[in-house]
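Good morning, and thank you for joining this presentation. Please take a moment to view the sequence and the structure, and we shall then go through several parts in turn.

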Amino acid sequence: MTEIAVDTLRRWRESPPTMVRDLFKVEPDRWQEDALAAFPASRRMALKACTGPGKTACLAWLGWNFMLTRPHPMIGATSISGANLKAALWAELARWYHVSDLLKAEFEFTKSSIYHRQFPETWRIEARTWPKDADATQIGNALAGIHSEYVMWLLDETGDYPESIMPVCEGIFTGSPKEAHIVQ
């Protein structure tokens, strides 16, 4: 990583709220701070709240935390539809990318992936979607293939997901990852 101390990355890994304050210069709401603080020890997290309190911002912050503080992570990002992914979670990831010189220096941001400039194939977030009329096999094929020692799914707007999605996403816990998370 360019110009960032190992002890800073360690501190951010152990305390995602600290990363949000340091990197993005914002103060998380109390519930966001609680969720961020719980993340390192939580393999599965579900953020539940009314419309508008910042759930998607919290998802984006956790995605950036994982990207910055784990070596060669693979992260899948999805939502109820491709349009919703683009308009909400992907836009939120972009918002925080553009306020951080560190993120802009280290990562490339495209319409369907965010990747480390030095390791584009092994250090990334991938946008994953499926056709509206997809069956369980097609959904599985669209979402499969997120593998790494450090792996994560960011799932936005999960209330209306087809039943076949969660079993595919939970596949990240199989094998022997050093760390795996699902945050929805």
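Let me begin with a definition: contact means heavy atoms within 4.5 Å. The structure is a predicted model, in which local features need pLDDT of at least 70 and side-chain atom pairs count only at pLDDT 80 or more, while totals for chains, interfaces and linings use all residues. Residues are numbered from 1 along each chain as its sequence is written, and side-chain values use heavy atoms, with hydrogens and water left out.

Not counting residues up to four places away in sequence, I114 touches W64, M67, W90, L93, F107, E108, F109, W123, R124 and I125.

I114 also belongs to the largest nonpolar core, which has 42 residues. Such a core is a set of buried Ala, Val, Leu, Ile, Met, Phe, Trp, Tyr and Cys residues joined through side-chain atoms within 4.5 Å. Buried means under 20% relative accessible area, exposed over 50%, and partly exposed in between, with a 1.4 Å probe and protein chains only. F24, W64, L93, F107, I114 and V183 are the members that touch the most others. The largest share of this core, 10 residues, is supplied by α4. Another core, of 16 residues, lies apart from it and has M74, W130, L143 and A180 among its members.

A word on naming: helices (H or I, at least four residues) and strands (E, at least two) are DSSP runs, numbered from the N terminus.

Within helix α4 we find N65. Is N65 buried or exposed? N65 is buried, at a relative accessible area of 0%. Leaving aside residues up to four places away in sequence, N65 touches W12, R13, P16, M19, F39 and R70.

Next, the contact of α3 with α4. Here W31, Q32, A35 and L36 of α3 meet K55, A57, C58, W61 and L62 of α4. By type, the residues of this contact divide into 7 nonpolar, 1 polar and 1 charged; Ala, Val, Leu, Ile, Met, Phe, Trp, Tyr, Cys and Pro count as nonpolar, Asp, Glu, Lys and Arg as charged, and the others, Gly among them, as polar.

Finally, helix α2. Why is α2 described as largely enclosed by the rest of the structure? The reason is that 7 of its 9 residues, in the run 16–24, are buried. These are P16, P17, T18, M19, V20, L23 and F24. Their cover includes α1 (6–14), α3 (30–38), α4 (55–69), α6 (89–98) and α7 (101–106). After α2 comes K25, with a positive phi near 60°.
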